[in-house]
Amino acid sequence: MLSIAVCDDEILECCKLAGRIRELLEEHEVPCILSQFGSGRELLASAERFDLIFLDILMDGPDGMETARGLREKKSGSLLVFVSSSRDYVFEAYDVEAFQYLLKPVGTERLRQVLLRALAKLRERPREFLVVSQDRQKRKVFLDDVLYFEIRGRMIEAHGRAETFSYYGRIGILEESLEGKGFFRCHKSYLVNLRHVDGYDGQEVLLDNGEQVVIAKRRGEAFKKEVLRFMREEGGLI
C-alpha cells in the first residue's frame, strides 16, 4: 500500500492534485492512501510516514524548502516531489535530495511518468535488517521476518516464523534502533512487529502465526494508539 502526502496551502490546488494522483494510480491498479495538508507546519507535525510527498514551494509559514529541510532533519526517507510555478528553486531542491521538480500546471502524462518512476524506485528499496553477533559470527536479521523480540537475561531472542535464535544484546538499545521501523515495546520484555499483529485485547497481542504476547497494563493505551495508527498507514479501513 503506497502512502502519499500532498501539501499545498491553496486548498483547491491541493484537492485537485490529490484527485489526479488517485485517478492515475487507480488506472494502474496501485492501492494508495492519500493525505492532504494545507501547510508545511501541518505536514511536519504529522506522525505518519509517507513513501511519496508532493510539496508546493511557495507557501506561507514554512515554505516548501523549509518544510523539506524539516523532513530531512526528522530522518524522513520519503521521496520528495516539488510542485511550483517558479523555476527559481530547482538547484536548491538538490540540497534536500528531491526526487523530482514539477512546474505548474502539471500535465497528466508528466504526472503519470513521475508516479511510475517513483513506484519503480520505491520497489527497489532494499529490505531493512539488523546485523547481530551469534556464536562469534555476524548474522543479518531481516526486520520483516521477525514477529517479535524477547529479552531473557542478557540474551535477546528474535522470534520468526521458521526459527527463533538468540544473541547478546540490550532491549533498550534495540528499541531505540527500531524507532520508526514498525515495532512497539508492549512489555518490558517484548518488542512486537506491528506488521504481524492480527488482533489484541487489554492483556495480549495476537500475532498472525497464532502466538500471543503479553501487553503490560501501563503500556496498553499507547499500544492501541500506535497499532491503529500503523494499520491506517498500511491501508486499514479504520
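Modeller: Helices (H or I, at least four residues) and strands (E, at least two) are DSSP runs, numbered from the N terminus. This is a predicted model, in which local features need pLDDT of at least 70 and side-chain atom pairs count only at pLDDT 80 or more, while totals for chains, interfaces and linings use all residues. Residues are numbered from 1 along each chain as its sequence is written, and side-chain values use heavy atoms, leaving out hydrogens and water.

Biologist: Let's start with R218. Where does R218 lie?

Modeller: R218 lies in the loop between strand 15 (212–214) and helix 7 (220–233). The C-alpha atom of R218 is 9.1 Å from that of C186, although 32 residues separate the two along the chain.

Biologist: Why is R218 called exposed?

Modeller: The relative accessible area of R218 is 69%. Exposed means over 50%, buried under 20% and partly exposed in between (1.4 Å probe, protein chains only), so R218 counts as exposed.

Biologist: And T67, why is that one called buried?

Modeller: T67 has 0% relative accessibility, so T67 falls on the buried side. T67 sits in helix 3 (residues 64–73). Leaving aside residues up to four places away in sequence, T67 touches G40, L43, L44, L55, M59 and P62; contact means heavy atoms within 4.5 Å.

Biologist: What does helix 3 lie across?

Modeller: Helix 3 lies across strand 3 and strand 4, and runs at about 175° to strand 4. Angles run from 0 to 180 degrees between N-to-C directions, with axes fitted to C-alpha atoms, for helices over the stretch in contact. Helix 1 lies across strand 1, strand 2, strand 3 and strand 4 (79–84), at about 170° to strand 2.

Biologist: How do you know that strand 1 and strand 3 pair?

Modeller: Two strands pair if DSSP finds at least two bridges between them. Strand 1 (residues 2–7) and strand 3 (residues 52–56) are joined by four bridges, so they qualify, and they run parallel. C7, for instance, has L55 in strand 3 as its bridge partner.

Biologist: What is the strand order in the sheet with parallel pairing?

Modeller: This open sheet of five strands has the order 2-1-3-4-5. Strand 2 (32–37) and strand 5 (100–103) are its edge strands, since each pairs on one side only. From one strand to the next, the twist averages 20°.

Biologist: What do strand 6 and strand 7 form?

Modeller: A hairpin, with two residues between the strands; D135 in the turn has a positive phi of about 50°. Six bridges join strand 6 (residues 129–134) to strand 7 (residues 137–142), running antiparallel.

Biologist: How do helix 1 and helix 5 cross?

Modeller: The axes of helix 1 (residues 11–27) and helix 5 (residues 108–124) come within 10 Å and cross at roughly 65°. L17, R20, I21, L24, L25 and E27 in helix 1 meet T108, L111, R112, L115 and L119 in helix 5. Those contact residues divide into seven nonpolar, one polar and three charged (Ala, Val, Leu, Ile, Met, Phe, Trp, Tyr, Cys and Pro count as nonpolar, Asp, Glu, Lys and Arg as charged, and the others, Gly among them, as polar).
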